[in-house]
Amino acid sequence: MTSSLGPEQVLAFVALGLGYGALIAGLATGLVVTYRSSGVINVAAGATAALVAYVYSELRTTGVPFALVIGLVVAAVLGALQYLLVYRPLAKAGPLAKLVASSGVLLTAQAVIVLRWGADPVAAPAILPQETVDLLGVSIPQDRLLLAGLVIVATALLWALYRHTRFGIATRATADSAKGSVLLGLSTGRLEVANWVIASVLGGLFGMLAAPTTQLQPTTFTLLVVPVLTAALLGGFSSFGVTVATAFGLGVVNSLIALLQGQSWFPQVEGTPLPGVTELVPFLVLAVTLYLRGRALPDRLTAVAPPMPRAPRPRRAGPAMAVGAVVAVAALAGLPFDWRQALVNSMLGAVLCLSVVVTTGFVGQISFAQMAVAGAAGYVMATVGGDLGLPFPLPPLAGIAAAVLTSLLFSVPARRVRGLQLAVLTLAGGVAAQRFWFGNPQWGSGLRPANVAPITVFGMEISPSRSFWGTEPPSQGFGLVVLAALLGCVFLVAWLRRSDLGARMLAVRSSEAAAAATGVNVGAVKTLAFAIGGLLAGVAGVLYGYTFTGVSADRFGPLTSIAFFGVAVLGGVGTVGGALVGGLLVAQGLLFHAVTTWFGIPPDYQPLFAGLAVVLTVIGSPDGVAVSVADAARSLRVRRLALGES
Amino acid sequence: MSLLDVRGLTAGYGAVPVVRDVGLSVERGELVALLGANGAGKTTTLLAISGLVGLQAGEITLDGRPVTALTPARRARAGIQHVPEDRSLFPSLTVDETIRLACRTRRAPGWVLDLFPALERLGGRRVAALSGGEQQMLALARALCRDPSLLVVDEMSLGLAPLVVNAFFPVLRRVAAERGCGVLIVEQHVHVALRWVDRVHVMAGGTVAASGTVEEMRPRIDELAGAYLGPSAYPTEGDKP
Amino acid sequence: MTVPLLRAEALSLYYGGVCALRRIDVEIMPGELVGVIGPNGAGKSTLLDAITGFAPLTDGSLTFEGRDLRRHGPTQRARMGVARTWQTLQLFEDLTVAENVRTAVGRHSVSPLVRLGIDRLAERMPGELSHGQRVLVGVARALAGSPKLLLMDEPAAGLDGHERALLGEILRDVVASGTSVVLVDHDMPLVLGICDRVCVLDFGEVITDGPPHAVRHDPAVIAAYLGADEGEDSESPDGSGIGKEAVR
């Protein structure tokens, strides 16, 4: 456990960190390239690079020649396809749509990897020489130095490309003024394809080269996007130099933390070094930089300008809720157990989607930390009910309060940091919360789940796994509890949308300037939206804890947040109905249960369909399924009326 | 056959037309001004010609060939260069880089340098650091480097001092005379426009209300001024200040 | 004598090195309707942005009812009684007309929708309305907080003759109720017809300030709009004048 901390050791760990740093740098420069050419924050960069690395790894293990070249071709094709199939149709869409589409691509790539190669780590075959070299008396793996050197060479080439060639000048010109480029007669589409190919090849190359120095595992690779985004944001999405320097800095710090974790003085929890410190670093770096630099960053990043999905006022909310309640009660009474469980999962998902409706749909703040907020509720509830042993209404109430506070914490940067920057910051925050808090054996539950005591009222235990009036589990009583909570949340959000506060929220989303000019306190409205969004996520977190009779860190991860965000957008982020549709679509919810049962499609394919569905919805139905269906129904009614009259 | 022929042009944003049934023409080597009050539809007409605003009806031909089906970039390559009101320059590029992008060569062609000798002096400067007049010069030079057959300039004098504006008009005249290029401008200063152009089209309420040579239009200057300042705003015989 | 409602002294505003406003002095009296005209790019919208807090002043003093406005943000200025409309209207497209008006903070005795005669549109969405109706919704929203000063950015743009006349009546009515109005517009007959006083901007400076009939015939104003009707001696065919405007 304990080791000495001499200069040689530090040097050795610095060198080790270069490999990780090079991987981040390669992906981050690619991110700068795609952002500059298409205005897309490509959160799928890590997942795409992982896909390339997996392909290469399989080619090598099966002995196919020219594996590296084939890998690069695959990367190029993936880059071109992403642009042509996803971002070109979205050329005129807002940054929110592009970000959601990119999350959909991430989920799809991730799902493909898990389906083909599994979720467990794979040892990647080495490309670079594995010998060590002696540097100042320290033996250092040669590949790390080579990787660092290659990244620096690649960045220098990129810099020269964008500085001195006509292609590079045209790319920069188009980033400045797409209108100017078009009026000059440049083919901006061709420029964009080329830039996506360059970015993808760069990411794929360093993915293949660096995979052996880490480990090939889908989630780790996908989440690389957090330090990658940190580096790119610090470089203002324009400077290759700052981006690469930050990437190496993060890589080296990462490695040094690993070194320090071996020191006896490093804080320990239950005999192991404090976890999650490496995930905390990019979050803190981002939070501090963004807060200090405030609005000094490029405009495109701060303006999540309309078009946002529409947010019409709920019509006939009361009768609809009554009908829904009756249907749900009947379903709980009559459906077999597996369908009941799917229904409960859908209701849970709907509550979480409602929280996205408030923060993103009503005020236009993109938060990728919704699961972290839910997790805060779950873990505080587990602690209050378990370690402190307090009776029933207190643990869930404490949990919900904790969720509101956590959400308010994220609203502090939201007062200064806007739009896509906030999305990046909350993504990093979600990762940090999962590893540093939920993954901590003492504050959270480490790698195992923490138990949640079931609801007990008047000595009666309402737990999903208990029999309820003689029926088999999952308990219908618990289903009713979830239904009641969902109805409460639906009522809250429907009321909010009709209230003056809701009107002010949508005013802020529509135009912060115009809202301020009518006397709306923009900061206060955002804070309230985060508090209400936190409340709803907290309710979801508490219900999760009860449903699974425990909380575990892997349920509240950032990828789950992204998936939920995507599902919420799919259903319709502007309306209560959208959140309910989103609930139907969540993993293990009603729709996927139906698909699995009726069509025999294995549940493993759920994430793949979810990812593809998110991408397709953003392109085809930007207001979400619920609003599109309502529109279609209305136009059908109008047509029928017209036919009836004629 | 005119260089540019616009017939029955109806265009606007979304489904609502801003301009209706516009007809105008520009000959080779001719300098034509589009006049009219704010909101008359001048800018929309130019945008429809270069393709940035969609056409709802009508036909646009360049050299007899219809361009209506072409994208803005293809129209630019076909010879229509549009300098928009906001100039749409590339602020982070240098003057040299802008020229290189437009010409595919490192230096502007001799005749462009001849028109704008100051280009050479400004070579390494970033566009964002240029003065308003220098930016307008670069916008014109960038368009001319593509050797257009039709040059369209929107509000050239916007935000520029009269002295600077007066320096640009001779340049446009020379472009028309020496390169045989047709030039169509939108100009808010009626007197300035009438001093330099060959022909004017006057727009009002989204369509062309009057067209004619400068000689034909000069007697109707009160009418033109009225379009800007309202009826009887311009001092006439019976209305001494 | 009455104390001005708004007093701006030596307002200057630079964007980077570009001067948008140059030492502007303006006073608005209670119950006064002041027109602001000038060619495109003269700084009219920038002046409204500066007064409402959306453009950072480089220099100068700005007081409203004797209180320093520069110390307050846009929200506080709105609550103090400075309302505005926007050239692009900036209606909240997801809210009904009634909700648009309800976002305004402050109490009002008569509903501004009734006052402008558009109460029948209350439950419609802005996207379903004609441009003229949308303009009125923007005005209603600005009036909802019972402002003391209403700044209007080109409300007449895109309106037909009948709608312009209606707008003129509404503005006179607003002024009669005690609210001062600053009207920025290009519609000369409207501005010269209804305003008590007209202020002409060119290149970020006030070139004339006076009653409409005086402004209408001011040679400086005509030159600013139509270009100087001078001889042809000022031309410099080699383009050497370019780049020298900085010395202006």
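**Terms and values in the predicted model**

Reply: In chain A, helix α15 (residues 337-362) packs with helix α25 (residues 590-599) at an angle of about 150°, their axes being 8 Å apart. This is a predicted model, in which local features need pLDDT of at least 70, side-chain atom pairs count only at pLDDT 80 or more, and totals for chains, interfaces and linings use all residues. Residues are numbered from 1 along each chain as its sequence is written, chains are lettered from A and ligands numbered from 1 in the order in which they are written, and side-chain values use heavy atoms, leaving out hydrogens and water.

Me: Why is α15(A) called roughly antiparallel to α25(A)?

Reply: Angles over 145 degrees count as roughly antiparallel, under 35 as roughly parallel, 65 to 115 as roughly perpendicular and the rest as oblique. The angle here is about 150°, and therefore α15(A) is roughly antiparallel to α25(A).

Me: Which residues of α15(A) and α25(A) meet?

Reply: A:D338, A:W339, A:A342, A:L343 and A:S346 of α15(A) meet A:L590, A:H593, A:A594, A:T597 and A:W598 of α25(A), where contact means heavy atoms within 4.5 Å. The residues of this contact comprise six nonpolar, three polar and one charged.

Me: What makes C:E99 buried or exposed?

Reply: Buried means under 20% relative accessible area, exposed over 50%, and partly exposed in between, with a 1.4 Å probe and protein chains only. C:E99 has a relative accessible area of 0%, so C:E99 is buried. This residue lies in helix α3 (residues 97-102) of chain C. Leaving aside residues up to four places away in sequence, C:E99 touches A:R313, A:R497, A:A503 and C:D94.

Me: How is A:Y291 classed, and what is its relative accessible area?

Reply: The value for A:Y291 is 37%, so A:Y291 is partly exposed. A:Y291 belongs to helix α12 (residues 277-293) of chain A. With residues up to four places away in sequence not counted, A:Y291 touches A:L286 and A:R416.

Me: What share of chain C is buried?

Reply: Of the 248 residues in chain C, 55% are buried. Chain C has nine helices and ten strands, a helix being a DSSP run of H or I with at least four residues and a strand a run of E with at least two.

Me: Which domains does the assignment give for chain A?

Reply: The assignment gives domain 1 (15-258) and domain 2 (300-306 + 316-635), with bounds that come from an automatic or database domain assignment. The C-alpha centres of domain 1 and domain 2 of chain A lie 32 Å apart. Their contact takes 33 residues from domain 1 and 32 residues from domain 2.

How values were computed
Axes fitted to C-alpha atoms, helices over the stretch in contact; angles between N-to-C directions. Nonpolar A, V, L, I, M, F, W, Y, C, P; charged D, E, K, R; others polar.
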